[in-house]
Amino acid sequence: MTGFNFKRLLKNRIPVLKWLPLYRTKDALGDLVAGLTVGLTLIPQAIAYAGLAGLTPQYGLYSAFAGSFVYIIFGTCREVNIGPTALISLLTYTYARDVPEYAILLCFLSGCVTVVLGILRLGFLVEFVSIPVVSGFTSAASLIIACSQIKSLLGLRIHGESFIEIWKELVNNIHRTRIPDLILSCCCILILLTLKKLKDIKVQNGILKKSIWFLGTGRNALVVIMCAVVSCIFENRGGAPFYLTGHIEAGLPSVRPPPLSRNIGNETETFVDMCKNLGTGIMVVPLISIIGNVAIAKAFCILVILSLSLLTPYFYYIPRATLSSVIVCAVIFMIEVKMIRPIWKCSKRDLIPTFATFFACLFAGVELGIVIGVTIDLAILIYFNARPTIYIEYRNGLNMVMRDFKEKNHRLIMLRPSKDILRAMQSLSKETIKVVNTDAELVAALKEHNTVKRIHEAGAEVIDMSNGKTTIGTRNELTSTKL
């Protein structure tokens, strides 16, 4: 019995033991196609996201396959691809400050924090971040990422971390725009958006349908390959007119522990100093990665390894404007403008934390912005829960049992408070508060108090809102008041 429980526990914790015995050849073929498709889409993105994080391109490829190997063993969702995302790349750039050692240590510590959160079963903390807050946060982060790529679209070499700094630098250096990079960026964005829409066109011919789907799905790789070929031709004929990615280190990274110290000249930066420099990023990055969307392992990671081994010399010719176009076309659809209308229809109040999070992330930083958004959202929730609504229904009568109410010109008022309010009222009342749920239960309760004297004695439970006089005509309506 003990062995059986241990085996079941092992399968639950290591999912590969559960699905691998059921794996078939036809599954491998499907995974191969899926891996190639995802690889053609995300390899260019991985290179681009490395630049967004302030690192050399090979780090984007490292992060694209390393997580996939681990997810093969511990992954629970076969449709998920583990790899770099625009949002985490932006946060890495914020905290790592273009230093690879910081980025590697931040990745390691973020994983440690995530493991601890999982062991302690603290996933419920994410529930405090509501959908409106996530919507505002995602939209703001996507806008910041898109704006940070404008410099490469225009062929500018400027530096800016925050949203305001980015636009200040763009305004001050707009006159230095390189026309070849601008033209290339416009062409790449136009092709990428066109191919994205082309993918959704419905055709009857099977071959044509698959061809259109392949073009739409592999649009990133198609555009990057085309631009790299053009750049290679220009480079061999005197020099490319736009900025190129440059040299990418070939081969796989060495397997070793993360750096726990760093040498800067004659000084040594200890592990504690590095953690101090990373600051709140040690907690912010894992929490944001949990909240945000994690962007099929198996064949994909093999494709990335082949790219690192064989294709890195050719990545040199990829224009930076092309990679920025890939990022912009990926993140602009993450700006959730369409969420405003459903939130407005559902609860106009939820627009407050949505816009508060959005503007706070833009002008105060994404890590502080989400804290502000969650705080405002919880404050609104606590405020309205502290002032709950009790619905009061004015009834002119149920049947003949209500005759005494009519003769005394009284009306029955039915209160419908929540259970929490009832418990609070009962704790303050010496009399037992009788709760009825149906009209039949109400009639039975009123029969016990069918005289005027007993109605007055039960005044703590039956509230007379008319003061003996009815100022409004006979009606049967539902209104509400807040206590």
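Trainee: Which residues in α3 meet which residues in α12?

Mentor: L40, T41, P44 and Q45 on the α3 side meet N220, A221 and V224 on the α12 side. Contact here means heavy atoms within 4.5 Å. Helices (H or I, at least four residues) and strands (E, at least two) are DSSP runs, numbered from the N terminus.

Trainee: What does that contact look like by residue class?

Mentor: The contact of α3 with α12 has 4 nonpolar, 3 polar and no charged residues. For the classes, Ala, Val, Leu, Ile, Met, Phe, Trp, Tyr, Cys and Pro count as nonpolar, Asp, Glu, Lys and Arg as charged, and the others, Gly among them, as polar.

Trainee: And at what angle do the axes of α3 and α12 cross?

Mentor: Roughly 60°, and the axes of α3 (residues 25-52) and α12 (residues 219-236) come within 6 Å. That makes α3 oblique to α12. Angles under 35 degrees count as roughly parallel, over 145 as roughly antiparallel, 65 to 115 as roughly perpendicular and the rest as oblique. The axes are lines fitted to C-alpha atoms, for helices over the stretch in contact, and the angles run from 0 to 180 degrees between N-to-C directions.

Trainee: Before I go on, what should I know about the model itself?

Mentor: This is a predicted model: local features need pLDDT of at least 70, side-chain atom pairs count only at pLDDT 80 or more, and totals for chains, interfaces and linings use all residues. Residues are numbered from 1 along each chain as its sequence is written, and side-chain values use heavy atoms, with hydrogens and water left out.

Trainee: OK, aromatics. How many aromatic pairs are there?

Mentor: The structure holds 6 aromatic pairs. Rings of Phe, Tyr and Trp (its six-membered ring) pair if their centres lie within 6.5 Å; planes under 30 degrees apart count as stacked, over 60 as edge-to-face and the rest as tilted. Take Y59 and Y62: their ring centres are 5.7 Å apart and the planes stand at 75°, so the pair is edge-to-face.

Trainee: Where do Y59 and Y62 lie?

Mentor: Both lie in helix α4 (residues 57-74), 3 residues apart, about one turn of the helix. An α-helix has 3.6 residues a turn, so residues three or four places apart point the same way.

Trainee: Is Y62 buried or exposed?

Mentor: Y62 counts as buried, at 13% relative accessibility, while Y59 is partly exposed at 25%. Buried means under 20% relative accessible area, exposed over 50%, partly exposed in between (1.4 Å probe, protein chains only).

Trainee: What about the rings of Y316 and Y317?

Mentor: Their centres are 5.2 Å apart and their planes are at 80°, so that pair is edge-to-face. Y316 is partly exposed, with 32% relative accessibility. There is also one aromatic cluster formed by F355, F358 and F359.

Trainee: Which residue lies over the face of Y243?

Mentor: R157 does, at 3.9 Å from the ring centre. R178 also has its charged end over the ring of Y243, 4.3 Å from the centre. A charge sits over a ring if NZ of Lys or CZ of Arg is within 6 Å of the ring centre and within 35 degrees of the ring normal.

Trainee: Switching topic: what is T357 in contact with?

Mentor: Leaving aside neighbours within four places in sequence, T357 contacts V133, G136, F137, G369, I370 and G373. T357 lies in helix α18 (residues 351-364) and is buried, with a relative accessible area of 0%.

Trainee: And where is G369 found?

Mentor: In helix α19 (residues 366-386). G369 is buried too, at 0% relative accessible area. Not counting residues up to four places away, G369 touches T357, A360 and C361.

Trainee: What is phi of R121 near?

Mentor: Near 55°, a positive value in a residue other than glycine. R121 is found in the loop between α6 (100-119) and α7 (131-148), and is exposed, with a relative accessible area of 61%.
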